Amino acid sequence: MAETFKVGIADMNVCRPPDTITTIGLGSCVGIAIRDKQNKVGGLVHVMLPDSHEVVSNSNKAKFADTGIPELVRQLEAMGGIRSRMVAKIAGGAKMFAFQSKAELASVGERNVEATKKALAALRIPIIAEDTGANYGRTVTFFPETGDYEIKAVGKPVKVI
Amino acid sequence: MAELSIDDLSSQYFDVLKEIGNIGAGNATTALSTMLGGKVDMKVPKVRLMEFKDVGTTMGGEEQIVAGIYLVVNGDINGSIMFVQRKESAKAMIGKLMGMPSEDPENFSEMELSALKEIGNIITGAYLNSLATLTNLTIYPSIPDVCIDMAGAILSVPAIEFGAVADKLLLIETDFTDDEDMSGYFILVPDAESYEKILHALGVM
């Protein structure tokens with residue numbers, strides 16, 4: 001019986017097929033799904049912020065792209081995953097409101113996507129699909145069996161990347 | 001760099017923030033009843049300090065469709081304020097303001113979105129006014145922006161701003177009642193330095 005594991009905001013989980021992992025309502029956060037193509041272990045992390053060095057309270061690794069992604073890879077390796085066989089799919093990083101309070105050049109969503117790409121590049125894990133940006137929330141489900149990453153948004157057809 | 005974190009708030013500070021929540025919500029109710037031209041009752045607001053990961057579930061699940069009205073504040077306090085309502089409550093309030101029920105319960109027309117922004121403007125304005133009066137600080141709100149989407153996605157916006165300083169968030173739940181449910185939630189997000197300013201101004205630090 002396949003189980004669906006839920007990942008909250010600033011949270012992560014790993015599983016083996018036929019189990020699946022889901023995270024609901026990604027706004028400017030990014031959901032990074034990583035999978036070993038051969039032994040099919042897969043994991044999902046829901047990061048909120050780009051950089052753990054920018055803030056004081058940074059004990060939760062899953063909160064940041066720069067610490068959450070390496071931690072997810074470590075957990076996949078502990079389950080027998082091999083880094084050179086891993087591939088990633090990413091979704092989220094939207095800009096929910098036309099303005100953000102801090103007058104930074106890029107929105108948090110854009111910065112999260114950028115930091116995600118940087119962290120994955122540092123680990124030499126290729127991004128094989130992405131659905132990022134725009135101005136709407138996304139609910140995602142990751143199927144490690146096939147590598148499918150299903151994306152749902154309000155008033156839009158379901159998309160699989 | 002501010003030393004204070006919301007995680008360290010003692011019960012005394014929390015009581016003060018709670019009281020501001022009460023008064024603010026009271027003023028917002030008065031403003032709302034004036035705008036809607038009728039009596040609007042308010043239950044005692046519930047003020048909670050909660051983990052950001054639990055916020056979505058409070059509003060009926062992270063996939064619940066909500067309307068979020070978001071404003072940036074500047075002046076002596078920098079930060080943002082958000083007023084969140086379930087889609088149904090937002091529709092009920094818009095219907096009251098426009099004097100007729102919505103033709104489409106699922107989607108929001110341009111006119112309805114504009115009405116919602118105005119409601120948000122008045123409610124958050126009343127709330128910020130009481131905060132400014134109590135603290136004697138100057139607060140300038142921006143024009144509001146509205147977004148209708150999954151609760152999880154909308155709430156991640158203030159959660160992220162809070163997340164940069166702490167893992168918890170201050171949520172003020174206000175039940176505006178009439179014959180229809182028009183409840184909503186205020187989320188006030190001052191930056192860390194503004195928190196200190198508010199508490200100093202109120203004489204608790």
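1. Helices (H or I, at least four residues) and strands (E, at least two) are DSSP runs, numbered from the N terminus. By that rule, chain B holds 6 helices and 9 strands.

2. This is a predicted model, in which local features need pLDDT of at least 70 and side-chain atom pairs count only at pLDDT 80 or more, while totals for chains, interfaces and linings use all residues. Residues are numbered from 1 along each chain as its sequence is written, and chains are lettered from A, with ligands numbered from 1, in the order in which they are written.

3. A residue is called buried if 20 or more other C-beta atoms, placed from the backbone, lie within 10 Å of its own, and 46% of the 205 residues of chain B count as buried.

4. A nonpolar core is a set of buried Ala, Val, Leu, Ile, Met, Phe, Trp, Tyr and Cys residues joined through C-beta atoms within 7 Å. In the largest such core, which has 104 residues, the members that touch the most others are A:Ile32, A:Ile34, A:Val47, B:Ile154 and B:Phe186. Helix H4 of chain B (residues 110-135) supplies the largest share of this core, 8 residues.

5. Two residues are in contact if their C-beta atoms, placed from the backbone, lie within 7 Å. Apart from neighbours within four places in sequence, the contacts of B:Phe186 include B:Ala25, B:Ile81 and B:Tyr127.

6. Between the chains, 29 residues of chain B are in contact with 26 residues of chain A. On the side of chain B that touches chain A, H5(B) gives the most, with 10 residues.

Note on methods
Buried ≥ 20, exposed ≤ 12 C-beta atoms within 10 Å, placed from the backbone.
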